Amino acid sequence: MKKTICLLPGDGIGPEIIAQGKLALEAVAKKFGHEFIFEEALLGGAAVDATGEPLPEATVDKCKAADAVYLGAVGGPKWDGLEPAKRAERGLLGIRKALGLFANLRPARLFPELAGACLLRSDIAARGLDLVIARELTGDIYFGAPRGMEKRNGKRVGFNTMIYDEDEIRRIARVAFKTAMGRKKRVCSVEKSNVLETSRLWRDIAIQTRMEFPEVSLEHMYVDNAAMQLVRDPSQFDVILTGNLFGDILSDEAAAITGSLGMLPSASLGESGPGLFEPIHGSAPDIAGKDMANPLGTILSGAMLLRLGFDMPAEAETVENAVRDALASGFRTGDIMEDGKTLVSCSAMGREVAARIK
Ligand code: NAD
């Protein structure tokens, strides 16, 4: 199969980790007889430096013309002082919007080889952690109007609007149920319907949408309880369906308890058009340029690109198995290093994985 992938290396460790992700995809193409054409475009600080804008038009055009977008990370102290519209992170929000990406899928998985890094008590970790958070990405309190800051009765007030319409909820719910169909067929819808009208509508639409997926079970949980259950017993979850704000917080919590920020991939999907695949961590300016970053979250994002972007499940599994095999062989980057293991650089880890794909 012939596919075009637009690389957005971005800033900090972005170029280093994307180089390793590309190596893995090249190995997949060779093994399975595909032709992957790689384009590259500027995003974030790198784009600001070259063009004055964090998301140049040329980048949007290249991404829209591709079959998938593969992103490293953006941002860093160099661009923190810029006015909000020029900040590197604006590039990321902008490209998500330009591609109409409304669904963010973040698996949080504890690799048995890395159980020692898990922040949970060992008896809880032993039950396992393998869940996916399906977070709505374009609505909710982050984008709702009215919003602002103004003076009322001599005091400053800040306000935002939490708002969802039923179509917005239905389309992310469908993504969650579809994802569950390929897993343990369990969805937990997380909201705060004891307090919020938005959440009452959310629950209603989740129940309605479930009728389209009769094999999948649906339970409901208030977000405060979900935050607690994630640390008490994350093994109870398969797919968590939630809105933008709650998903933002819960997905970081789920990632943090695995103890390996550098290991976790993500996918952002739209109704049609290319999806965007990226590791969940940032540009790690503290280790940028030192060939020290963990490229596995990026490589596993490549596996999501193959499975969800190109419908290539066997290819995706090959990449995931190669990552597990590299870990089982004892190779570790600094962030996941343990006694008795072999410390390797970012590029050496990339080579170990690519060699196992071949
Ligand atoms: P970060 O994720 O970049 O780094 C947090 C810590 O984790 C650092 O100590 C870093 O060295 C380490 N780390 C992160 N990824 C790693 C990897 N692959 N291998 C080894 N160690 C890794 O978060 P931060 O420090 O809060 O943010 C740095 C910059 O990244 C900021 O400008 C922020 O805005 C940006 N950011 C970008 C994204 C994105 O592009 N999606 C996401 C989060 C933060």
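## Packing of H9 and H10

Val223, Ala226, Ala227, Leu230 and Val231 in H9 meet Phe246, Leu250, Glu253, Ala254 and Ile257 in H10. Sorted by class, this contact of H9 with H10 comprises nine nonpolar residues, one charged residue and no polar ones. The model is predicted.

Two packed helices are described by the angle between their axes and by the distance between those axes. Helix H9 covers residues 223–232 and helix H10 covers residues 244–258; their axes come within 10 Å and cross at roughly 10°. Angles under 35 degrees count as roughly parallel, and H9 and H10 are therefore roughly parallel to each other.

## Tyr222 in strand S9

Strand S9 spans residues 217–222 and contains Tyr222. Because its relative accessibility is 33%, Tyr222 counts as partly exposed; the partly exposed class lies between under 20% for buried and over 50% for exposed.

Leaving aside residues up to four places away in sequence, Tyr222 touches Val190, Glu191, Lys192, Ser193, Asn194 and Arg203. Gly44 is 178 residues apart from Tyr222 along the chain, and the C-alpha atoms of the two are separated by 36 Å.

## Ligand surroundings

There are 20 residues around the ligand, of which Glu89, Gly282, Ala284, Asp286 and Asn294 come nearest.

Asp286 places a polar side-chain atom 2.8 Å from an oxygen atom of the ligand. For His281, a polar side-chain atom lies 3.1 Å from a nitrogen atom of the ligand. Ser283 takes part through its backbone, with an N or O atom 3.1 Å from an oxygen atom of the ligand.

Note on methods. Residues numbered from 1 in each chain as written. Predicted model: local features only at pLDDT ≥ 70, side-chain atom pairs only at ≥ 80, totals over all residues. Heavy atoms only, no water. Axes fitted to C-alpha atoms, helices over the stretch in contact; angles between N-to-C directions. Helix = DSSP H or I, 4+ residues; strand = E, 2+ residues; numbered from the N terminus. Parallel < 35°, antiparallel > 145°, perpendicular 65-115°, else oblique. Contact = heavy atoms within 4.5 Å. Nonpolar A, V, L, I, M, F, W, Y, C, P; charged D, E, K, R; others polar. Buried < 20%, exposed > 50% of the residue type's maximum accessible area, 1.4 Å probe, protein only. Near = heavy atom within 4 Å. Polar contact = N/O pair within 3.5 Å; in protein donor to acceptor, adjacent residues only side chain to side chain.
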